[in-house]
Amino acid sequence: MEPVWAWIKHSAVSKLVVGVPWIWPACETLHFIGMAMLIGIIGVIDLRMLGFMKRLPFAPLHKLLPWGIAGFVINLTTGALFFAGDPYQYKDNIAFIMKVAFILVAGINVLIFYLGPYKQVEAMGPGDDAPTSAKVIAATSIFLWFGVMYWGRMLPFIGNAF
Amino acid sequence: MIWEWLHPWVTSLGSTSFGLWLGQSVERIAWLFVFHILGITLLLGTVLVSNLRIFGLALKREPLPELARDLDPIALVGLCLTLLSGALIFTGGAENYFTGWWFRTKMILLASALLFHFVVFRTVIRSERIKLHPVLAKLSGGAALLLWFSVGIAGRAIAFF
């Protein structure tokens, strides 16, 4: 893998991210905004499945999802820029590896949701209870995204990255 | 200035055995950071959802006052989590935080955001008569979103500058 890291490190993007002093803080700011969008929206949807805000039907809440996905795209982009800026800071960092792993498992969890109870959940009207499988998926989702934030926040503490 | 007046209190807060104990362990502070951002996402998430509704981008068939009441407990839990963890993080490094420019900026923004949130934003979005004032809802929604995100961004800046 070493040639890959070296290639990233010597790329023009990498030089830009670490060379221009305002880019890193600007990306951190966007990363923060993306986090609030992604986890805020996903959290609201998950909480509805778990039985909070039961007065709301599920379908219109689910329509919020594109805003969460927009947050995810912002964070994937800015996250990739951090990585490009200094790949050596991240590549062997256990917090970084765990963060990526948690994101991947969260993705699998989303797949299970859409292949499984999604249709039933989408039909939920005011006051309706989600099926148990959806509740398990929602709880798993909250755990995984909390984990993503945990590992992200641990980057400077466990692996000395920032 | 208010900062000079507060300084002796902050110094003694930081040097209490509890403050010293908090600041001793990096791990303890790191966990508090995690709960701090968890609370932030809950609070900002609900303010964001309210704004999407106010600007007609989502949940159009849900009346705003009812939606606002549904989201309120989540926002309050998020806010309490953020304030409590923030207060503990501060206690663990009081002197350092207190003298920083970005920290002071954040506190001024936080005070403005809290005041605006509870006096204007929350009142407007929960009001049944809001249909009469869609512009008022948009203005207060936009301002609340801007203020809260500014607090977050100033917080991020504490670690950078």
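H7(B) has 25 residues and spans 36 Å from first to last C-alpha, close to the 36 Å expected at 1.5 Å a residue (the expected span being 1.5 Å times one less than the number of residues). Helices are DSSP runs of H or I of at least four residues, numbered from the N terminus. The model is predicted: local features need pLDDT of at least 70 and side-chain atom pairs pLDDT 80 or more, while totals for chains, interfaces and linings use all residues. Residues are numbered from 1 along each chain as its sequence is written, chains are lettered from A in the order in which they are written, and side-chain values use heavy atoms, without hydrogens and water.

**Helix H7(B)**
- The buried residues of H7(B) include Leu147(B), Trp148(B), Phe149(B) and Val151(B); buried means under 20% relative accessible area, exposed over 50%, and partly exposed in between (1.4 Å probe, protein chains only).
- Among the elements covering these buried residues are H3 (23-49) of chain A and, from chain B, H3, H4 and H6 (101-126).

**Interface of chain B and chain A**
- In contact (heavy atoms within 4.5 Å) are 30 residues of chain B and 28 residues of chain A.
- The two chains bury about 2,900 Å² between them, 84% of it on carbon and sulfur atoms; buried area is the accessible area (1.4 Å probe) lost on being put together, summed over both parts.
- Four salt bridges are counted between chain B and chain A, a salt bridge being a side-chain nitrogen of Lys or Arg within 4 Å of a carboxyl oxygen of Asp or Glu.
- On chain B, the elements giving two or more residues to the side that touches chain A are H3 (26-54), H4 (64-91) and H7 (134-158).
- H3(B) supplies the largest share of that side, 15 residues.

**Salt bridges around Arg55(A)**
- Arg55(A), Glu62(B), Glu66(B) and Asp70(B) are linked in a network of salt bridges.
- For Arg55(A) and Glu62(B), the corresponding separation is 3.8 Å.
- Glu62(B) is buried at 9% relative accessible area, whereas Arg55(A) is partly exposed at 30% and Glu66(B) is partly exposed at 31%.

**A salt bridge within chain A**
- Lys54(A) forms a salt bridge with Asp129(A), with 3.4 Å between the closest N and O atoms.
- The pair links distant parts of the chain, 75 residues apart.
- Both residues count as partly exposed, Lys54(A) at 31% and Asp129(A) at 43%.
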